[in-house]
Amino acid sequence: MPQRILPTDVEGRTPPSLAHPVRLYTRQMEANTRFPRHTHPWAQVAYSHNSVLRVQAGDTAWVVPPSRAIWIPPGIEHEVWVVEAAFLRTLYADPSVVTGTLAECRVMEVSPLLRELIAAMDVRQPLPPAREQALAALILDELRRSAPLPLDLPMPADKRLRALCERVMADPGSALNFDDLARDVGASTRTLARRFRDELGVSFSQWRQQAVLASAIPMMSQGMPLAQVAQTLGYNSQSAFSAMFRRAFGQSPSAFLHRPGSDNEAA
């Protein structure tokens with residue numbers, strides 16, 4: 001399916017302000033739709049209860065599972081892909097609210113309370129000012145409390161290191177090891193291992209696991225059997241893949257994808 005590129009999601013929309021610190025917009029999106037790279041002076045939250053989102057923000061790629069959200073602070077250049085047909089909710093937040101845990105991009109859990117608060121703001125008529133302010137304050141408090149998820153995939157600036165990472169992203173289940181990949185990009189494993197640590201702050205094996213998780217979640221969301229996901233991503237068994245997934249997220253793949261109450265959201 002060819003990719004559909006839309007105007008940026010800020011065109012024609014009223015920005016947030018001190019009087020209206022949180023603004024909510026909703027829209028039905030077609031599959032494989034992309035908002036090209038853009039930036040704006042306010043913060044943004046994007047989430048869908050029924051689709052995976054892929055986001056490039058700064059030098060990091062993010063995967064956002066269904067019923068999770070991504071927080072993007074003001075001034076960060078970003079690009080958003082909607083993988084499947086989706087009901088997309090976008091919150092814009094005034095830059096004055098960006099403090100503490102909201103100072104950096106992150107994928108986060110969307111608590112049942114946060115879902116209810118956002119739904120309460122999703123009305124056709126303007127809310128009474130006192131109610132709007134109260135809902136905005138509660139939404140922002142829940143966002144600050146939301147648990148972050150390890151779904152970031154930092155991308156290096158070094159050309160050889162980036163070529164290696166792009167090779168892994170294109171085929172995360174490849175049997176090639178670090179030595180093979182280093183040889184392909186024309187560098188020693190010692191040099192690349194050091195640069196991985198210096199530039200990205202993680203080892204290659206840690207980064208590769210993140211790339212696997214970023215690939216696995218869309219596959220699982222689209223209904224691919226877990227055994228097939230494991231095989232596609234280079235695991236010898238479904239149980240080995242599930243064990244890795246549980247270490248990363250503290251729950252099984254099926255529990256991670258199942259979000260109680262999310263199936264009942266408006267679409």
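**Figure 1. Overview of the whole chain.** Buried residues make up 49% of the 267 residues in the protein. Here buried means under 20% relative accessible area, exposed means over 50%, and partly exposed lies in between (1.4 Å probe, protein chains only). This is a predicted model: local features need pLDDT of at least 70, side-chain atom pairs count only at pLDDT 80 or more, and totals for chains, interfaces and linings use all residues. Residues are numbered from 1 along each chain as its sequence is written, and side-chain values use heavy atoms, with hydrogens and water left out.

The secondary structure comes to nine helices and twelve strands. Helices (H or I, at least four residues) and strands (E, at least two) are DSSP runs, numbered from the N terminus. The radius of gyration is 19 Å, close to the 18 Å that the globule rule gives for 267 residues, so the protein is as compact as a globular protein of that length. That radius is taken over C-alpha atoms, and the globule rule is 2.2 Å times the number of residues to the power 0.38. Along its principal axes, the C-alpha trace spans about 65 × 35 × 35 Å.

The protein exposes about 12700 Å², and carbon and sulfur atoms supply 52% of this area. Accessible areas come from the Shrake-Rupley method with a 1.4 Å probe; for residues, only the protein chains shown count as cover. Among contacts between residues at least 6 apart in sequence, 73% join residues at least 24 apart. A contact means heavy atoms within 4.5 Å.

**Figure 2. The largest nonpolar core has 35 residues.** A nonpolar core is a set of buried Ala, Val, Leu, Ile, Met, Phe, Trp, Tyr and Cys residues joined through side-chain atoms within 4.5 Å. Which members touch the most other members? They are Val55, Ile70, Ile217, Phe241, Phe245 and Phe249. Elements that give two or more residues to this core include strand 5 (53-57), strand 7 (68-72), helix 6 (204-221) and helix 8 (238-249). Helix 6 gives the most, with seven residues. A second, separate core holds 23 residues, among them Leu102, Ile118, Ala136 and Leu143.

**Figure 3. The structure holds eleven aromatic pairs.** Rings of Phe, Tyr and Trp (its six-membered ring) pair if their centres lie within 6.5 Å; planes under 30 degrees apart count as stacked, over 60 as edge-to-face and the rest as tilted. Tyr25 and Tyr92 form a tilted pair, 5.5 Å centre to centre, with 50 degrees between the planes. This pair links distant parts of the chain: Tyr25 is in strand 2 and Tyr92 in strand 9, 67 residues apart. Tyr92 is buried, with a relative accessible area of 0%.

**Figure 4. Phe249 and its surroundings.** The rings of Phe249 and Phe256 have their centres 4.6 Å apart and their planes at 40 degrees, so this pair is tilted too. Phe249 and Phe256 are both buried. Ring pairs link Tyr235, Phe241, Phe245, Phe249 and Phe256 into a cluster. What else does Phe249 touch? Leaving out residues up to four places away in sequence, its contacts include Leu149, Pro150, Leu151, Leu213 and Ile217.

**Figure 5. Ser242 lies in helix 8.** Is Ser242 buried or exposed? At 18% relative accessibility, Ser242 counts as buried. Ser242 touches Leu226 and Pro253, again not counting residues up to four places away in sequence.

**Figure 6. Two loop residues with a positive phi.** Most residues other than glycine have a negative phi. Asn32 is not a glycine, yet has a positive phi of about 55 degrees. Asn32 lies in the loop between strand 2 (22-29) and strand 3 (33-38). With a relative accessible area of 22%, Asn32 is partly exposed. Ser67 is not a glycine either, and its phi is positive, at about 65 degrees. Its place is in the loop between strand 6 and strand 7. Ser67 counts as buried, at 1% relative accessibility.

Figure 7. A disulfide is a covalent bond between the sulfur atoms of two cysteines. The rule used here asks for a pair of cysteine sulfur atoms within 2.5 Å. How many disulfides does this rule give? The count comes to zero. Cys105 is in no disulfide; the nearest cysteine sulfur is that of Cys165, 19 Å away. Cys105 counts as buried, at 18% relative accessibility. Cys165 is buried as well, at 0%.
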